[in-house]
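Could you walk me through this protein structure one feature at a time? I would like to learn how to read each feature and then see the case here.

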Amino acid sequence: MFEKFKKNLKKSRLARRSIRVERELSFQNFQTARACLLFGVERDLPVPLLERLRVMLSGKMDVEVLVLEKEKEGPAVEKVKGAVYVSEEDVSLSGRLVNARLHEMMHFSYDLLVDLSPGPDSVGDYLLRFSRAKCKIGMTREGFQCDIVFDRASEAGAFPDRLSELLSKIKTC
């Protein structure tokens, strides 16, 4: 019972916590982007979509995958090969990142961060706000605002095509 109270307290504190992260905002295309972070929440993560994005982007830049694990309740979930898995315990009650690899990823200035979360998640949204990525891209959803937002696609397979079209059309100076 105490653990459930503690988890709910952490979620509400992280959702309300304001974060002041200095990051360089810049829009990258396929020619200029060198590093990308794909992010998703384990139970909601469409693995085929993530793999399609990883294949599409890895030909142009270095791609890392960060997955926020949820409680182990329910059926087993397909694991993403080569992904960095973190849990809610890797973020303290005060919002400090206690996992060294997570801390490193959030402080790295990725050219692109692609959020594949379909809905709000207080810990996931906190991590996304904490990231120093130069350009954050995602689909319309409550809880987190990206720099570039796509309306929800009627089918999940349309997102990689829309992202590819965008990244090939962005002009940089």
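This is a predicted model: local features need pLDDT of at least 70, side-chain atom pairs count only at pLDDT 80 or more; totals for chains, interfaces and linings use all residues.

Q: How many helices and strands does the protein have?
A: Helices (H or I, at least four residues) and strands (E, at least two) are DSSP runs, numbered from the N terminus. Here there are 5 helices and 6 strands, and along the sequence they follow the pattern α-β-α-β-β-α-β-α-β-β-α.

Q: In what order do the strands of the sheet lie?
A: Strands of a sheet pair through backbone hydrogen bonds, either parallel or antiparallel. Two strands count as paired if DSSP finds at least two bridges between them. In this protein, an open sheet of 6 strands has the order β3-β2-β1-β4-β5-β6, and the pairing is parallel. At the edges are β3 (84-86) and β6, each of which pairs on one side only. On average, neighbouring strands of this sheet are turned by 20° against each other, direction ignored.

Q: Which residues stand opposite each other in β4 and its partners?
A: β1 and β4 pair over 4 bridges, and L38 stands opposite V114 in β4. On β4's pairing with β5 there are 3 bridges, with V114 opposite I137 in β5. Another pair, β2 and β3, is joined by 3 bridges, and V67 stands opposite Y85 in β3.

Q: Which way do the side chains of β4 point?
A: In a regular strand the side chains alternate between the two faces of the sheet. In β4, L112 and V114 point one way while L113 and D115 point the other way, and all of them are buried. Buried means under 20% relative accessible area, exposed means over 50%, and partly exposed lies in between (1.4 Å probe, protein chains only).

Q: Which strands does each packing helix touch?
A: Contact means heavy atoms within 4.5 Å. Angles run from 0 to 180 degrees between N-to-C directions, using axes that are lines fitted to C-alpha atoms, for helices over the stretch in contact. Helix α3 (residues 100-107) packs on the sheet and touches β1, β2 and β3, its direction making about 125° with that of β2. Helix α5 lies across β4, β5 and β6, and runs at about 140° to β6.

Q: What is the largest nonpolar core made of?
A: In soluble globular proteins, nonpolar side chains tend to be buried together. A nonpolar core is a set of buried Ala, Val, Leu, Ile, Met, Phe, Trp, Tyr and Cys residues joined through side-chain atoms within 4.5 Å. The largest one here has 28 residues, and L38 and F159 have the most contacts inside it. At least two residues each come from β1 (35-41), α2 (47-58), β2 (62-68), β4 (112-115), β5 (136-139), β6 (148-150) and α5 (158-169). Helix α2 gives the most, with 5 residues. A second, separate core has 23 residues, including L102, V123, L127 and C146.

Q: Why is helix α4 described as largely enclosed?
A: Because 8 of the 9 residues of α4 (residues 122-130) are buried, this helix is largely enclosed by the rest of the structure. Among the buried ones are V123, Y126 and F130.

Q: Is S87 buried or exposed?
A: S87, in the loop between β3 and α3, is buried, with a relative accessible area of 17%. Beyond its neighbours within four places in sequence, S87 is in contact with L68 and E69.

Q: What share of the protein is buried?
A: Buried residues make up 47% of the 173 residues.

Technical notes. Residues are numbered from 1 along each chain as its sequence is written. Side-chain values use heavy atoms; hydrogens and water are left out.
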